[in-house]
Every structure is written in structure tokens, then in C-alpha cells.
Amino acid sequence: MRRPRRRLIAGLLLAPLLTGCFASKEDDSSSPGSSDSAAGARLRVALAFAPTQHYSPYGQDDAFAMSRLGVSEGLTKLDTNGSAIPALAESWSSEKGARSWVFTLRHATFQDGTAVTAKAVASALTHAARAEPAPTALSGVKLTAEAEGEDRVRVDTGIADPVLPLRLSNPSLAIFSPKAYEKNGTVNPVRTATGPFEITKITGDTAATLNRFDDYWDGRAQAPGIDVQFIADGTARANALRTGQVDIAQALPVSQLASLDKDTVHETNTARDTSLYLNTKSGPFTDPGLRAAAREAIGTSVLAKQVYEGYAETAKGVFGPALPWTAGKRVAPTGRAKAADPDGKTITIATYSTRPELPEVAQVLQQDLEKAGFKVKLVVRSDSQVESDLLAGKYDAAVTSRNMMLDTGDPVSVLASDFTCHGPYNLSQLCDKKVDRLVAAAQAQSDTGRRQDAAMKAEAAILGTDAVIPLVHLQAVLGIAKSVQGALFSWDERQYVGTGTRR
């Protein structure tokens, strides 16, 4: 039984950054707050992470927001076991040793009324492959796509890619109609996606209005629409759920759970970790001995018990309990450096406030590292402000929360994205020949068991560098009002609202 928290962490009310820089059409017949007695009431959803790239599918927060709200979808999606299942593609097959794949499309319609054709799908995938920076799902992949007739799309990857159907489930590879792709390289998702709900209005940087898309291929949604608020402060999201202002609230802070009706709190194991990433390219942590000193200084069990109050467990590696196969395959790290004396070295640790536990985690780490002899400065900003700086290596260390299977559902792909020399989400700036070699060997494996074994060998090599210090494996907590039926919530955190979600 979890003990009630003795104190509440004050939220940092930070305005989420979202700019609606394109024109959108407004449908007055389904304005926010209206309801249709024959079709049920509109859903009210509070999300923690505002889009930071004008709802571009190539911005990670943006893409996942649209996926969670039932706006966009790709050729495939993931089932509860992490396997690829049909979405816009109803079937697929591989050729040329998994270097080429053919996807057969179902009959579907874009929200602008045009048909989903092979030519449109090939064009959408080509735009994604050419995006700068490339979506993380395409890390290490040179993807090309071309239409074969009206309903078949051939996707080539140059080298064998046995997990391409998993990769194409990523929300950044969602399919939009040809009119969405503008000459300046941006993507306008207003009434151009294929999901059961369409974006009809964007209100500055705080809200969006979605209406039901009646021609959705998998049936008409039961809710007439969704009114979305982007609320960065976790306490404010919890209060909105508690007072009945919203029906679904993302990422509830553990500090607020004791004060909520227990029937509105829903938790699940996820592949999400909180970890400390150390900058291996510049600053004090270029020294492996200082990275080892940081690892030895940190008490991870305290974080799981006190900061997360039992909604997390001490990390055993990069991958956690949401992937049960890791338990019997994990390989102990080798080749770790001997811890050096910090000798008063000053380090700067950055984190973001949108997940309210992270600043407290950073404070605990600050205490541990200062006891070990470091001098520690903390930087706490909103996620939209800090992410680009983290990727640019502007801090010595970063405390972040990441679902390690969110990008593709494939463990090897996330290792390639996050820990190889040219990985697009390499927060540690790690470039290690042994790591790259082991990740490449894992990528070449098509057999599931062998791919998992190879992933664990690569994980061990990554941990051996001390470029990342996994802290805790998290449970995700979603607030769902008791009046809501059919909300979607699983380990992959990719969808909250579907055709059967209603109140």
C-alpha cells in the first residue's frame, strides 16, 4: 500500500510554447463546450506537452499529441505485445532480404475528403525521410517510397531492416494528405490527417479544437469532438480533473494522487525511464573516471521510494519491466572506468518542469553528487525550451524521462537513436566504436530472440561507458474521469482517445 505524501510539490506554472502559424478553419457548430445529446458530450483533455513545432509530425511532442488524440495514424500501429498490426496498411510483405517491403493499403479517406492512395502515402513517407532533423524512428535508415498502382506502396531501406513495420508505427511517420505538405517544408495537419478526429481550430499556444471525422475508415467515433488544453503544470492538470473541468489528464504528478478519487487514477507499467545523461563530448564528464564517480554517488532506491512513492522501481538498465524478456537476457556491464576524485569540479545539470518529479529528482542528485565532491548547478526550464539545448550538448548532464520503446517498439532502434555516433537523440553525445559495432550487429538480426540478445549486449556496452545512468523505471499515471468510457491507455503511451471513447 502506498503511503500518502507528506507534502505537495508546488508546480511551476510555465506557459507551454505552441504557435499556430497557419490558417485553420473554424466550425462553429461544434464549438468548445457544446454537446450533442444524440451523440454524447465532447471530451475534454489536458495534455502536459504542448507542440513545439506548430503541430509538425516531425516534432516529437507534436506527433505524439496528435496520435494520442486520434488525429493521425500511420501504415501500422503497435498491439499490447509491441507487435506491428494493420492501420492504414491492411497487409505487408518483405522482399530482397528485408531490404524492400510492399504495403497494401486499405480503403480510407483523408480528412480533406480525398482518397488515401499509394501515391499520396509514398509522398508522405518521402517528406518524412527528407525532414531535417530526421524523425528518430528513421535513425540509421535511408528510406525511399514509391507507389505501385493505386493501393500498393514499396518502401526500400537500402540495407536490411527487419523491423520496418514496427518503425512505421511511429507517429512521426503518420500519413497526411498531399495538401498538408507546404513549399517551405512544414506540414499543416488541419483537416489533412486520417484519424477519427480532425483538428479544426488552434487557439494560440494553449488549446485546440477537434471535431469527429465522420468518414473514418474504422467507424464513426462516439464522441462528437475533443477540446484540448495544454497545461504544463502538473498540479493544475490534477486540479482540472478533480474539479471536473477535464475528462482525461496526462502525466499526473505522484504528489497529487492521494488527493484524487482513486477511481480516476489509472496506472500502468511502461518502458519509460528517468535517467541521468552525462555529456561525454565536452565538460568534466569527458573523463570516464568522473562519470564513474557520478554513478557511484547516486542512490537510485531513494528516488523510487521517496520521489516517485512506489510508482517506479530502481532501474536495472536501459530497459525495464514493461519488457519482461529483458530479465533473463540482461548482460552485466564490463570495462567501466575506476571512479576518479571529483575534486570540486563544477557541473551543470539541466532538466524540465513539465514532468513535475524531474526537478525533485535533480535536487536529490545534486545532494548526492555534492557529497561525492562535485559542485552542482541546476537549470530547470520547460521541456520545449531545454530539449534543443540538451541535444546540442550545452549542459554537463541532463535528467530526462523517456519511453525507451516509444519511437519504434524495437529496443535496437532506440539504442541506435540515443547512443550511437550519429544518433539523432544522443543526449550524452556518445560516440564509441564498440557501442556502434554492437548496435549495428543487433540491427542486422531478424530473428526476435537473437535481436533481443544482441540488444542486451549493446545495452551492456552502453552502460559500461557510464554515458547514461538509468535511475528508475516508471509507471505512467493517467487521470480519467469516472464518466468516461473507452479511454485507451497502455505501455506505449501512444493513444488516449479512440472511436469508442465517450462520456
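Predicted model: local features only at pLDDT ≥ 70, side-chain atom pairs only at ≥ 80, totals over all residues.
**Entry 1: the disulfide**

I began with cysteines. I searched the whole structure and found one disulfide. The disulfide joins cysteine 421 to cysteine 431, and the S to S distance is 2.0 Å. I then checked the handedness of the link between cysteine 421 and cysteine 431. The link is right-handed, with 95 degrees about the S-S bond. Both cysteines lie in the loop between α9 (411-419) and α10 (433-443), so the pair ties together parts that are 10 residues apart in sequence.

Next I looked up accessibility. Cysteine 421 has a relative accessible area of 26%, so I noted cysteine 421 as partly exposed. Cysteine 431 has 55%, so cysteine 431 goes down as exposed.

**Entry 2: salt bridges**

How many salt bridges does the structure hold? I wrote down 21. I followed up some of them.

I took glutamate 313 and lysine 316. They form a salt bridge, and their closest N and O atoms are 3.3 Å apart. Glutamate 313 is partly exposed at 32% relative accessible area. Lysine 316 is exposed at 55%.

Then I turned to lysine 329 and aspartate 453. Their side chains meet in a salt bridge at 2.8 Å, N to O. I looked up both partners. Lysine 329 is partly exposed, with 24% relative accessibility. Aspartate 453 is partly exposed too, with a relative accessible area of 34%.

My next pair was aspartate 410 and arginine 451. The side chains of aspartate 410 and arginine 451 meet in a salt bridge at 2.9 Å, N to O. Aspartate 410 is in the loop between β18 (397-403) and α9, while arginine 451 is in helix α11. The two are 41 residues apart, and the pair links distant parts of the chain.

Are aspartate 410 and arginine 451 buried or exposed? Aspartate 410 has 3% relative accessibility, under the 20% cut-off, so I marked aspartate 410 as buried. Arginine 451 is buried as well, at 6%.

**Entry 3: helix α4**

I moved on to helix α4 (residues 234-242). I listed Gly234, Thr235, Arg237, Ala238, Ala240 and Leu241 as buried there. Which strands do the buried residues of α4 pack against? I found β3 (43-47), β13 and β19 (468-480).

I checked both ends. At the start of α4, a side-chain oxygen of aspartate 233 comes within 3.3 Å of the backbone nitrogen of threonine 235. Glycine 244 follows α4, and the phi of glycine 244 is positive, near 80 degrees.

**Entry 4: glutamine 250**

My last stop was glutamine 250. I placed glutamine 250 in the loop between β13 (248-249) and β14 (265-278). Glutamine 250 has a relative accessible area of 2%, so I recorded glutamine 250 as buried.

What lies around glutamine 250? Leaving out residues up to four places away in sequence, I listed Ala46, Leu47, Ala48, Phe49, Arg68, Arg237, Val477, Leu478 and Tyr496 as residues that glutamine 250 touches. I looked at alanine 48 again. The backbone nitrogen of alanine 48 lies 2.8 Å from a polar atom of the glutamine 250 side chain. Arg237 is on this contact list, and Arg237 is also among the buried residues of α4.

Key:
Residues numbered from 1 in each chain as written. Heavy atoms only, no water. Disulfide = S-S within 2.5 Å. Helix = DSSP H or I, 4+ residues; strand = E, 2+ residues; numbered from the N terminus. Buried < 20%, exposed > 50% of the residue type's maximum accessible area, 1.4 Å probe, protein only. Polar contact = N/O pair within 3.5 Å; in protein donor to acceptor, adjacent residues only side chain to side chain. Contact = heavy atoms within 4.5 Å. Salt bridge = Lys/Arg side-chain N within 4 Å of Asp/Glu carboxyl O.
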